[in-house]
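Here's a quick briefing on charged and aromatic side chains. Have a look at the model first, then read on.

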Amino acid sequence: MGTTRGFGVDIGGSGIKGCVVDVEAGALEGERLRIPTPQPSTPEAVADVVAEIVEKFGWDGPLGVTLPCVVKRGVAHTAANVDKAWIGTDAAALFAQRLGRRPEEVAVFNDADAAGMAEMRFGAGAGREGTVVLLTFGTGIGTSVFLDGRLVPNTEFGHLEVDGHDAETRAAASVKDELDLSWEEWTARVSRYVRALEDLIWPDLIIAGGGVSKKAHKWLPLLDVRTEVVPATLKNDAGIVGAATASSAGVLL
């Protein structure tokens, strides 16, 4: 029988968050710890923060870590909103070395994929079939896609070109803050992005995640799209929960 506890660390462009997770309930055990992402966010600097978080919890077991990157077999192949030095980095090996773990004790996932796995198991996507898309609105736009509950890993639909622009440069939550947009102004941009995505893959359900999911009541009713859109149940904790749960189950992408 597997353990009922795991540890997840979610690395974002502005913050790095970690916590112990009850992997049977899909819930954090206590308060998460958040530390601002170092600038520049080089692999070594980020690994130091991950180690600080893990050590503050006294966690000595296996763990899952998310990155805003395409991740295949522990290696980062892109870098969105983190330093470009991540490209080509064996992230799993880096974290294992910095934490004093065996390589097989550290699993690394794309951040949106980890959040999606959590939502599909414990949250808004549980029991849903067809094509389900999680969109995480934060520093950028992360995406994860599931077909009848199975993940299609490393989709990068946040970088769709919409009206001549990389979508996340127009519709990420960070853009709302940077331009001081109203909810109405920002949601119009999100609607334009979602309609472009709908025309490509025709989802059956869209789950809205990221930090703005905590204020879903302010903007989801303003969306002008054809797909059912619901807020993420686990909100901004989904990445931590997904990383911990997937790593404890031995999932590797």
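How many salt bridges does the count come to? The count comes to 11 salt bridges, where a salt bridge is a side-chain nitrogen of Lys or Arg within 4 Å of a carboxyl oxygen of Asp or Glu. Keep in mind that this is a predicted model, where local features need pLDDT of at least 70, side-chain atom pairs count only at pLDDT 80 or more, and totals for chains, interfaces and linings use all residues. Residues are numbered from 1 along each chain as its sequence is written, and side-chain values use heavy atoms, leaving out hydrogens and water.

**Salt bridges**
- Asp10 pairs up with Lys17, with the closest N and O atoms 3.6 Å apart.
- Both Asp10 and Lys17 are buried (buried means under 20% relative accessible area, exposed over 50%, partly exposed in between, using a 1.4 Å probe and protein chains only).
- Arg98 and Asp48 also form a salt bridge, at 2.8 Å from N to O.
- That pair links distant parts of the chain, 50 residues apart: Arg98 sits in helix H2 and Asp48 in helix H1 (helices are DSSP runs, H or I, of at least four residues, numbered from the N terminus).

**Aromatic rings**
- There are seven aromatic pairs (ring centres of Phe, Tyr and Trp, using its six-membered ring, lie within 6.5 Å; planes under 30 degrees apart are stacked, over 60 edge-to-face, the rest tilted).
- Trp86 and Phe95 make a tilted pair, because their centres are 6.0 Å apart and their planes are at 40 degrees.
- Trp86 is buried at 0% relative accessible area, and Phe95 is buried at 1%.

Key
Helix = DSSP H or I, 4+ residues; strand = E, 2+ residues; numbered from the N terminus.
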